[in-house]
Amino acid sequence: MAAPLLLTLARCIQGFSAGGEYAGACAYVMEHAPRQQRGRYGSFLPVSTFSAFAGAAVVAFALNTWLSPEVMADWGWRVPFILAAPMGLIGLYLRTRLAETPAFQAVALEDDVATHAPLREAFASHGGRIVWLSLFISVTALSFYTFTTYYSTYLQVAGHMDRGSALLVSVGTLLVAMALCPLAGRYSDYVGRKRSMLTVCVLAIAAAYPSFLLASTGNVALGLLGGALQALAAVLSGVVTAALLSELFPTRIRYTASAISYNMAYTVFGGTAPLVATYLIEQTGNPMAPAFYLIAVAAVALLGSMQLPETGDVDLARAD
């Protein structure tokens with residue numbers, strides 16, 4: 001029993017750490033990016049995420065093909081963790097050599113950084129934006145986890161596709177998502193954050209039902225098409241979220257406020273997505289129930305996006 005318990009504990013620590021670091025990674029990239037190209041620069045953050053999921057799917061497909069279920073249960077499940085270990089060391093090396101951004105250094109020189117109670121100050125000065133941004137990020141979290149994690153399971157459960165084919169479809173749709181990220185970044189820079197948020201919500205609402213309907217057919221080509229439809233909202237929401245996390249808050253509380261907004265939404269709507277989707281299907285007997293759940297959350301996100309201002313041209317070095 002010690003092995004699965006330790007593995008679960010380690011995975012929880014990794015998840016908490018990654019969740020906290022993502023908002024900081026967004027701020028770091030945004031504060032180094034040219035003002036008119038922050039969407040394009042930020043688009044490489046979801047590229048890294050989608051590529052990681054694609055790599056994991058490839059490894060899972062290879063192990064599923066080459067090893068028997070008995071071997072997988074014995075020692076094969078350890079292989080992905082062994083392969084990931086060097087990446088952790090590389091990440092640690094890079095992380096310890098990063099300098100603070102010019103924007104943060106400028107504010108720090110003025111002694112204007114909320115070092116004593118950043119959480120309290122964040123809610124006191126920007127509580128409204130934190131709530132509205134969290135509502136919008138709810139569709140980012142749900143569409144991301146539905147697309148990257150649950151879609152492969154849905155292909156097998158509702159579409160009765162074998163595991164190998166489902167993993168291949170997952171890899172294909174993730175590659176599509178990676179290719180779309182730079183285009184989504186340019187789109188966000190061109191039309192602005194406000195219109196990008198509205199586009200995300202409309203895409204999520206419009207594509208949810210057709211994408212799950214195509215996946216339920218069990219056909220590989222139609223499954224790829226359904227995944228590509230889901231990718232549209234998942235990609236654009238991830239790209240615009242990366243920019244909003246930095247643009248909506250001043251430098252002195254940016255990391256704290258953005259991390260709260262991001263992690264509240266991902267805790268409620270992200271990690272629970274596969275569980276809620278499975279529960280809804282079991283309770284309703286309708287395999288399209290996850291689509292209706294995504295549509296409902298997208299409608300809530302639309303409400304949040306309507307309350308947020310346009311931020312595409314703000315100065316990230318501002319202190320208030």
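Author: Questions and answers on these topics follow.

This is a predicted model: local features need pLDDT of at least 70, side-chain atom pairs count only at pLDDT 80 or more, and totals for chains, interfaces and linings use all residues. Residues are numbered from 1 along each chain as its sequence is written, and side-chain values use heavy atoms, with hydrogens and water left out.

Reader: How are H3 and H8 oriented to each other?

Author: Helices here (H or I, at least four residues) are DSSP runs, numbered from the N terminus. H3 covers residues 44-66 and H8 covers residues 163-191; they pack at an angle of about 160°, with axes 9 Å apart. Axes are lines fitted to C-alpha atoms over the stretch in contact, and angles run from 0 to 180 degrees between N-to-C directions. Angles under 35 degrees count as roughly parallel, over 145 as roughly antiparallel, 65 to 115 as roughly perpendicular and the rest as oblique, and H3 is therefore roughly antiparallel to H8.

Reader: What is the handedness of the crossing of H3 and H8?

Author: A crossing is left-handed if the near helix is turned anticlockwise from the far one by less than a right angle, and right-handed if clockwise. For H3 and H8, the crossing is left-handed.

Reader: How many nonpolar residues are in the contact of H3 with H8?

Author: Contact means heavy atoms within 4.5 Å. Residues of H3 including Phe-50, Phe-53 and Phe-61 meet residues of H8, among them Leu-167, Leu-174 and Met-178. Ala, Val, Leu, Ile, Met, Phe, Trp, Tyr, Cys and Pro count as nonpolar, Asp, Glu, Lys and Arg as charged, and the others, Gly among them, as polar. By class, the contact of H3 with H8 has one charged, four polar and 17 nonpolar residues.

Reader: How are H7 and H12 oriented to each other?

Author: H7 spans residues 118-157 and H12 spans residues 273-284. Their axes lie 9 Å apart, at an angle of about 60°. H7 and H12 are therefore oblique.

Reader: How many polar residues are in the contact of H7 with H12?

Author: H7 passes H12 in a right-handed crossing. From H7, Leu-142, Tyr-145, Thr-146, Thr-149, Tyr-150 and Tyr-154 meet Ala-273, Pro-274, Ala-277, Thr-278 and Ile-281 of H12. The contact of H7 with H12 has eight nonpolar residues, no charged ones, and polar ones numbering three.

Reader: What is the angle between H9 and H10?

Author: H9 (residues 193-215) passes H10 (residues 220-247) in a left-handed crossing. H9 and H10 pack with their axes 9 Å apart, at an angle of about 155°.

Reader: Is the ring pair of Tyr-22 and Tyr-262 stacked or edge-to-face?

Author: Rings of Phe, Tyr and Trp (its six-membered ring) pair if their centres lie within 6.5 Å; planes under 30 degrees apart count as stacked, over 60 as edge-to-face and the rest as tilted. The structure holds twelve aromatic pairs. In Tyr-22 and Tyr-262, the ring centres are 5.0 Å apart and the planes are at 25°, so the pair is stacked.

Reader: Are Tyr-22 and Tyr-262 buried or exposed?

Author: Tyr-22 is in helix H1 (residues 2-32) and Tyr-262 in helix H11 (residues 254-270), 240 residues apart. Buried means under 20% relative accessible area, exposed over 50%, partly exposed in between (1.4 Å probe, protein chains only). Both Tyr-22 and Tyr-262 are buried.

Reader: Which class of aromatic pair do Tyr-145 and Tyr-266 form?

Author: Tyr-145, at 26% relative accessibility, is partly exposed, and Tyr-266, at 13%, is buried. Their ring centres are 6.0 Å apart, with 65° between the planes, and the pair is edge-to-face.

Reader: What are the contacts of Thr-173?

Author: Thr-173 lies in H8 and is buried at 1% relative accessibility. Leaving out residues up to four places away in sequence, Thr-173 touches Phe-147, Gly-223, Leu-224, Gly-227 and Ala-228.

Reader: What is the phi of His-160?

Author: His-160 is found in the loop between H7 and H8. The residue His-160 is exposed, with a relative accessible area of 68%. Although His-160 is not a glycine, its phi is positive, at about 55°.

Technical notes. Helices (H or I, at least four residues) and strands (E, at least two) are DSSP runs, numbered from the N terminus.
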